[in-house]
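Please look over the sequence and the structure shown here before reading on. The paragraphs that follow take up a few parts of the fold in turn.

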Amino acid sequence: MRKEKDSMGEVLVPKDAYFGAQTKRAVDNFPISSRRIPSTLIKSFGMIKKSAAIVNHKLNKLETSLKNAIVEASDEVISGKLDSEFVVDIYQTGSGTSSNMNTNEVISNRANEILGHSLGAKSPVHPNDHVNLGQSSNDTFPSSINISICLDLESKLFPALDKLETELNQKVDEFSSIIKIGRTHLQDATPISLGQEFSGYSYAVKNSISRIKDSMKYIQYLPQGGTAVGTGINTHPKFGINMAKELSMLTGINFKEAENHFEAQATQDSVLSVSSSLRGLAVSLSKIANDIRLLGSGPRAGIGELLIPAVQPGSSIMPGKVNPVMCESLIQVCAQAISNDYAVLLGAQGSFFELNVMMPLIASNILES
């Protein structure tokens, strides 16, 4: 163990840990669950700290050698190399201060190591004075939420939905000449083609993509630059706008400085809008999955209009039975996403005066969705 000091006194920290005293206090204070902040959120923190070092150097507030070391250490955070050093529980201080300090300490210690100094020295790179320069947890954590959502939408969700829409459109064409009975109230109605039925599924996915992209534009406005309460105290007047530009270049996503920092830091309304659109997608996918599993019921004593791949052996009492269960898996995923939206809603209600105090919960749930 090594001995470190913070404003509350001395703390023992694991000798080889890149985190420091404030992180260790948070670990001791919040032994709540096994949940840690998501990897994309860690990546976003790394991007913010890297960008801040570059911006502060351009604004003549950080010397070149310290900037370079912070950038190199931040790149390791961005790559995921240091994920194991982010040890604070999700259920922590509601502003995410513990995770912000966890990030500052990891980058500071790694930067000092790069410069040939020992862990825990806080010199020449200090976690607050240099890594966190011009920032507060109160603008950094909500900015990291926004960035991480955008990253996951662009790299994970949108490509998956585009593929799903393409596959459904292929089925629309493939099934266009197959005439079947339409059903309302689960009872026979008038004729419909199977292609027409699947066109409804395709458009549901298409419209969900559009709604999510529409909600995404609000989270591209970053709180960064507002510092503690939105006034921008203790940072350069151009820090916020320059951070948005630097993060845009780093991510390829068009980020902008928040038009009103007081709203951006005091609420999570923009994130709630994205979460609501994800809930809408989950409802649409549940409908599609339920329709397909019902149309594939049988094969002899059910509707049996679709043949769905059987992928999972059934009950031990029926050893020859193999079930088409992929739709059931999707329905459960959708149920979880819908529940996550409710957690985000409750989290968004945790906004009091100039700060939301349920941001780690919000981040965890929307990124899982």
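At what angle do helix α6 and α10 pack, and how far apart are their axes? In this predicted model, helix α6, which covers residues 137-174, packs against α10 at an angle of about 20°, and the two axes lie 12 Å apart. Because angles under 35 degrees count as roughly parallel, α6 is described as roughly parallel to α10. The contact is made on one side by I145, N146, I149, L153, L157, L161 and L164 of α6, and on the other by V271, V274, L278, L281 and L285 of α10. The crossing of α6 past α10 is left-handed.

The residues of α11 that are buried are C327, I331, C334, A337, N340, D341, A343, V344, G347 and A348. As for its length, α11 runs over residues 326-348, and its 23 residues should span 33 Å at 1.5 Å a residue, which agrees with the 33 Å between its end C-alpha atoms.

A further part to follow is the hairpin of β3 and β4. Strand β3, residues 179-184, pairs with strand β4, residues 187-193, in the antiparallel sense, and 5 bridges join the two. T184 stands opposite Q187 in β4, and between the strands there are 2 residues, with H185 of this hairpin taking a positive phi near 60°.

Technical notes
Residues numbered from 1 in each chain as written. Predicted model: local features only at pLDDT ≥ 70, side-chain atom pairs only at ≥ 80, totals over all residues. Heavy atoms only, no water. Helix = DSSP H or I, 4+ residues; strand = E, 2+ residues; numbered from the N terminus. Expected span 1.5 Å × (residues − 1). Buried < 20%, exposed > 50% of the residue type's maximum accessible area, 1.4 Å probe, protein only. Pairing = 2+ DSSP bridges. Axes fitted to C-alpha atoms, helices over the stretch in contact; angles between N-to-C directions. Parallel < 35°, antiparallel > 145°, perpendicular 65-115°, else oblique. Left-handed = near helix turned anticlockwise from the far one by under 90°. Contact = heavy atoms within 4.5 Å.
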